[in-house]
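Please read this report with the model open.

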Amino acid sequence: KMFKYISTLFLVFGLLACSSSDSDKENPPPVADPDQFKALQQVIESDLQENNAVAVSVAIYHQGKIVYAEAFGEKVKDSGEPVTPNTLFQLGSTTKMHTGLATLQLIQQGQLNLEDKLVHILPDIQYPDEQMSGWQDVNIQHLLTHQGGFRDTYVGADADSSLVEYMTLTYPQQNPQMNRPGIFYNYSNPNWSYLGAVIEHLSQTPYVEHMKQSVFAPLGMQRTTLGRSQVVVDGDYALGFQNIGEEEMFLEDISQIAETPSILPAGSETWSTPTEQLKMAEFLLNGNSNILTDQLRAEITKPQVDIEFAGLPQNYGYGIYTDEGFMHDDQWYPEKVWHHAGGTHAHTSLFWILPEKDIAVSIMSSGYANDFEASMIAALNSVIDLPAPVEVPFAPSVSGEYEKHEGTYIADSLTIIVNQENDGLTISMPELDANDIPYENTLYPVGDTTFAAAIDNEELLLTFLPESEGGESVYLRHRNLVGIKVGY
């Protein structure tokens with residue numbers, strides 16, 4: 001059970017419109033060999049039944065062309081209206097690579113440098129006085145690699161929160177930094193909202209329009225759009241199962257999806273199709289100097305920062321993961337992969353490129369937290385032969401190193417006390433004890449410095465990180481909290 005949880009977590013690391021006839025002319029459906037993709041279709045239909053998804057759309061790119069593009073299910077549950085490969089779904093966080101591309105275009109144009117400080121570009125940022133040094137150190141490289149130290153929350157955001165205004169005035173005051181920037185990778189959507197605000201400020205064009213003109217149109221993604229106004233005009237879109245907190249429903253109308261303009265650059269509401277998304281894959285594989293130089297394009301998929309998860313060879317580039325292999329069914333496939341998942345409250349997507357095999361797959365579904373991992377593997381297997389799987393190469397957890405992790409860590413108002421007992425580690429949390437919130441005292445090793453914890457019946461992965469390589473642990477990292485050891 002634990003390894004299945006870890007495998008799923010790894011995968012989710014893990015948030016223009018023109019007429020349909022025009023799109024059909026530009027993107028004629030591939031002529032598929034029905035026998036070649038028969039097994040794939042069976043897996044997709046099985047995954048569709050096992051998830052809350054109402055529909056799913058799948059496209060495969062191989063050696064310069066789309067070799068498969070099919071859609072399954074309905075546009076709206078029980079509507080009887082089938083989706084097609086041209087039906088729009090939400091990308092979610094797969095948007096980040098597009099925002100990254102737009103950022104690098106500004107660098108190419110000389111308007112921006114990776115070392116530029118965020119507060120110098122957006123001088124109106126109203127950060128708390130007590131966090132001045134942390135905020136003043138954030139630069140563009142930090143934002144592109146999830147190293148801004150930002151809390152992955154958007155307290156104070158609503159449908160009326162404009163991008164630049166919210167990220168300069170409201171976000172800094174209501175969502176304090178968790179740690180100084182540039183120390184370690186920690187996935188956080190606000191890094192990308194800040195990049196969107198930088199793009200909008202420097203281009204003097206609304207972020208949505210800039211992305212359409214500078215990224216989507218040049219890539220040939222004519223129906224891809226941010227926000228919903230043009231989606232409504234287009235009319236060909238999928239709605240599915242939505243989950244927001246305690247509220248769950250099968251959507252009947254697009255107006256039931258909450259609008260959050262300040263989160264658009266991170267992927268709150270980007271609508272596209274798998275075949276259009278694979279145009280981004282083709283660009284990442286082959287380049288287009290009219291869009292970005294090859295040198296800068298290579299930076300997108302270059303390992304920029306180690307994600308430091310259980311010792312696995314996994315890294316983040318600029319808006320995309322760049323790994324030396326992937327997990328499936330608790331096994332490791334030693335095949336280089338560039339990938340990103342996307343999840344909104346109502347849609348889920350998977351995007352994988354195997355660069356050494358010249359293959360890419362995009363899967364988009366209408367439903368919250370769907371798992372189409374089996375469909376992804378089946379899609380790859382339908383076109384190429386994957387390498388034989390091996391044991392997952394987790395770095396060994398050495399109990400002789402555990403004393404480095406001992407200490408008291410403070411994460412906001414939560415105290416986490418870590419002790420070594422015999423050959424293991426234990427935790428205690430006085431604030432949870434005082435409020436009768438259950439948790440297990442034992443930490444279970446996953447890799448060298450990554451441990452699984454069970455808090456309030458939820459499994460969490462915690463990673464101990466030092467200030468300098470080989471030193472004692474100073475940080476206890478989770479996506480939603482960072483504990484800092486007392487004394488640092």
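## Strand β14 and its partners

In this predicted model, strand β13 (residues 337-343) runs antiparallel to β14, and six bridges join the two. Across the pair, His339 stands opposite Trp352 of β14.

β14 also pairs with strand β15 (residues 359-365). Seven bridges link β14 and β15, again in the antiparallel sense. Here Thr348 faces Ser365 of β15. Four residues lie between the strands in this hairpin, and Asp358 in the hairpin has a positive phi near 55°.

## Burial of β14

How many residues of strand β14 (residues 348-354) are buried? Seven of the seven are, so β14 is largely enclosed by the rest of the structure. Thr348, Leu350, Trp352 and Leu354 point one way. Ser349, Phe351 and Ile353 point the other way. Both sets are buried.

Phe351 belongs to this strand. Its relative accessible area is 0%, so Phe351 is buried: the cut-off is under 20%. Beyond residues up to four places away in sequence, Phe351 touches Trp338, His339, His340, Val361, Ser362 and Met376, among others. Its contacts also include Thr94, Met97, Gln277, Leu278, Ala281 and Ile320. Phe351 and Thr95 are 256 residues apart along the chain, yet their C-alpha atoms are separated by 11 Å.

## Helix α14

Helix α14 (residues 373-381) is mostly covered, with seven of its nine residues buried. The buried residues are Glu373, Ser375, Met376, Ile377, Ala378, Ala379 and Leu380. Met376 is also one of the residues that Phe351 touches.

## A three-strand sheet

Strands β3, β7 and β4 form an open sheet in the order β3-β7-β4, with antiparallel pairing. β3 (89-90) and β4 (225-226) are at the edges. Each has a single partner strand, so one side of each is left without a neighbour in the sheet.

Strand β7 (residues 270-272) is joined to β3 by two bridges, and these strands run antiparallel. Gln90 stands opposite Trp271 in β7.

## Nonpolar cores

The largest nonpolar core has 75 residues. Which residues have the most contacts inside it? They are Leu101, Leu118, Tyr194, Phe283 and Leu284. Leu101 touches Val215, Leu219, Met280, Phe283, Ile291, Leu292 and Ile300, with residues up to four places away in sequence not counted.

A second core is separate and has 29 residues. Val58, Ile363, Met376 and Leu386 are among them. Met376 is one of the buried residues of α14.

## The second largest pocket

The second largest pocket holds about 550 Å³ of space. It is lined by 24 residues. Glu308, Asp448, Thr449, Phe464 and Pro466 are the closest to its centre.

Strand β21 (residues 458-466) gives the largest share of this lining, with three residues. By type, the lining of the second largest pocket divides into 10 nonpolar, seven polar and seven charged residues.

## Residues in loops

Ser262 sits in the loop between β6 (247-250) and β7. Is Ser262 buried or exposed? It counts as buried, because its relative accessibility is 0%. Leaving out residues up to four places away in sequence, Ser262 touches Tyr154, Ala157, Ser161, Leu163, Tyr166 and Ser193.

Most residues other than glycine have a negative phi. Asp78 has a positive value, near 65°. Asp78 lies in the loop between β2 (65-73) and β3. At 66% relative accessibility, Asp78 counts as exposed, because the cut-off is over 50%.

Ala310 also has a positive phi, near 60°. This residue is in the loop between β8 (305-306) and β9 (315-316). Ala310 is buried, with a relative accessible area of 1%. Asp78, by contrast, is exposed.

Key: Residues numbered from 1 in each chain as written. Predicted model: local features only at pLDDT ≥ 70, side-chain atom pairs only at ≥ 80, totals over all residues. Heavy atoms only, no water. Buried < 20%, exposed > 50% of the residue type's maximum accessible area, 1.4 Å probe, protein only. Pairing = 2+ DSSP bridges. 1 Å grid on protein atoms, 1.4 Å probe; cavity = no way out; pocket = protein on both sides within 12 Å on 5 of 7 lines; lining within 4 Å. Points joined across faces, edges and corners; volume = space filled by probe spheres on them. Nonpolar A, V, L, I, M, F, W, Y, C, P; charged D, E, K, R; others polar. Core = buried A, V, L, I, M, F, W, Y, C linked by side-chain atoms within 4.5 Å. Contact = heavy atoms within 4.5 Å.
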